[in-house]
Amino acid sequence: MNPRIYVLTLCTFAFGSAAFIFAGLLEEMAADLGVSTAVAGQLQTAYVLTSAVLGPVVAWALGRLDRRLVVILGLSIGLVLHLACAIAPNYETLLVFRALAGVAGAMSGPAASVAAAALAPPERRGSALAMVTGGMTLAFVVGIPIGSVAGAMFGWRATFVVAAILAGVALAAVAIFLPSVPAPAKREGGRLDLAGIWPIYLTSFLTFAANMTLNLYIAPIVRVGAGVTGAGVALFQSMIGFGAAMGLWLGGRAADRGAGKAWVLQCIGLQGVAMSLHYAATHQALPEGLATQGLVLAAIFLAATALFSISPVTQSRLVQMTGGAPVALALNGSVFAMGQATGATMGGAALAAFGVPAIPAAALAMSLVALATLAFVFPRDVKPVA
């Protein structure tokens, strides 16, 4: 593996950490800003959704620039905006800065993926993309907890200072170690073959929607399924990171081997199994205590492993089928975010209407929809760009 690809991992690490950096201090932040906790939560939504909606537009506008320059530009703007968030005088100003910071993240994220694909030999491209995506996993394991500790010690504004520091570290590493990475050659006709690649986007949307239907409500799932509350939930949350790391490793190796439809369907099937285990746990299928706690831990690990085993394969397919077009990867990032938003809505609706046990039922239903749909539409053969 080209060691410079590890530098690019710092970009997604900084972006992922910044997205949720203040989550542990949300109630304190809301009280200080004079808004409700629900309204304060929209600061996170603004960051993710502006990245999703405007990311492809930014990628198109900057598509002909050197990828190193785009990454540096995105990290620089993000650093400044994180510091601006730390000194924002009111909620409205903070909301604007967060939205703009999301756009800055959308600049550096897809550019980092394109650069990784360019720096890696074809037979290692899947692993390279998995490594860059792994920065998001590292954010949940390291970056976000650091922000929570800093916020607990120095106040919620310190979390944005941490986000700025992480962006600064990534910026310095890219500036020092990353070589020039020219933009991909302009595609003939200047347009993406959406007719050929839309099943890849559908795969990203459906798999993330199914997973996030449950993962965004992990606390009540753990409470009902495992009988654990409070600080103990952190152990169960950590299994998401460990599962994601395992999934990225497996998915990267699969992508290097040219895995495709069969691998994706197997992973979706595994995700369905995980949701079934959650359903059993929330219905007290095993005795209380270690047995049911182990069941929930296994379900969380399997779901994260399945989801992140798919991402390197779909991203590698996109690079092969589009020649690494920046807009193509930016669109995939947007689809990830839209899937998360859809899953959050489905899980919330299930919880409100039928209670906690309905959450894994909804996630299982979405997994089955994904399995049935993609069995027909996911492309069997790769048609790389000439």
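Buried residues, meaning those under 20% relative accessible area with a 1.4 Å probe and protein chains only, make up 54% of the 386 residues in the chain. The chain holds 15 helices and 0 strands; helices (H or I, at least four residues) and strands (E, at least two) are DSSP runs, numbered from the N terminus. Contact here means heavy atoms within 4.5 Å, and among contacts between residues at least 6 apart in sequence, 86% join residues at least 24 apart.

The model is predicted: local features need pLDDT of at least 70, side-chain atom pairs count only at pLDDT 80 or more, and totals for chains, interfaces and linings use all residues. Residues are numbered from 1 along each chain as its sequence is written, and side-chain values use heavy atoms, with hydrogens and water left out.

**Nonpolar cores**

- A nonpolar core is a set of buried Ala, Val, Leu, Ile, Met, Phe, Trp, Tyr and Cys residues joined through side-chain atoms within 4.5 Å.
- The largest nonpolar core has 55 residues, and Leu8, Met29, Leu94, Phe160 and Val174 are those with the most contacts inside it.
- Two or more residues of this core come from each of helix H1 (4-20), helix H2 (26-33), helix H4 (42-61), helix H5 (67-86), helix H6 (91-119), helix H7 (125-154) and helix H8 (157-177).
- Another core, of 23 residues, lies apart from it and includes Ala255, Ile268, Ile310 and Val335.

- Leu94 is placed in helix H6 and is buried, with a relative accessible area of 0%.
- Leaving aside neighbours within four places in sequence, Leu94 is in contact with Met29, Leu33, Leu43, Cys85, Ala88, Trp156 and Phe160.
- Leu94 and Leu81 are 13 residues apart in sequence, and their C-alpha atoms are 9.6 Å apart in space.

- Axes are lines fitted to C-alpha atoms, for helices over the stretch in contact, and angles run from 0 to 180 degrees between N-to-C directions.
- Angles under 35 degrees count as roughly parallel, over 145 as roughly antiparallel, 65 to 115 as roughly perpendicular and the rest as oblique.
- In the residue classes, Ala, Val, Leu, Ile, Met, Phe, Trp, Tyr, Cys and Pro count as nonpolar, Asp, Glu, Lys and Arg as charged, and the others, Gly among them, as polar.
- The axes of H1 and H4 come within 8 Å and cross at roughly 140°, which makes H1 oblique to H4.
- Phe15, Ala18, Ala19 and Phe20 of H1 make this contact with Gln44, Tyr47 and Ser51 of H4; by class, the residues are 5 nonpolar, 2 polar and no charged.
- H1 and H6 pack at an angle of about 160°, with their axes 9 Å apart, and are therefore roughly antiparallel to each other.
- H1 passes H6 in a left-handed crossing, a term for a near helix turned anticlockwise from the far one by less than a right angle (right-handed if clockwise).
- On the H1 side, Arg4, Ile5, Leu8, Cys11, Phe15, Ala18 and Ala19 meet Arg98, Gly102, Gly105, Ala106, Ala112, Ala115, Ala116 and Leu119 in H6.
- The contact of H1 with H6 has 11 nonpolar, 2 polar and 2 charged residues.

- Helix H12 (residues 261-282) and helix H13 (residues 290-322) pack with their axes 8 Å apart, at an angle of about 160°, which makes H12 roughly antiparallel to H13.
- The crossing in which H12 passes H13 is left-handed, and their contact has 20 nonpolar, 4 polar and 2 charged residues.
- Phi of Gln284 is near 50°, a positive value in a residue other than glycine.
- Most residues other than glycine have a negative phi.

**Two further residues**

- Ser367 lies in helix H15 (residues 358-377) and counts as buried at 2% relative accessibility.
- Not counting residues up to four places away in sequence, Ser367 touches Ala210, Ile268, Gln271, Gly272 and Met275.
- Val39 lies in helix H3 (residues 37-40) and counts as partly exposed at 34% relative accessibility.
- From C-alpha to C-alpha, Val39 and Tyr91 are 9.4 Å apart in space, while 52 residues apart in sequence.

Note on methods:
Buried < 20%, exposed > 50% of the residue type's maximum accessible area, 1.4 Å probe, protein only.
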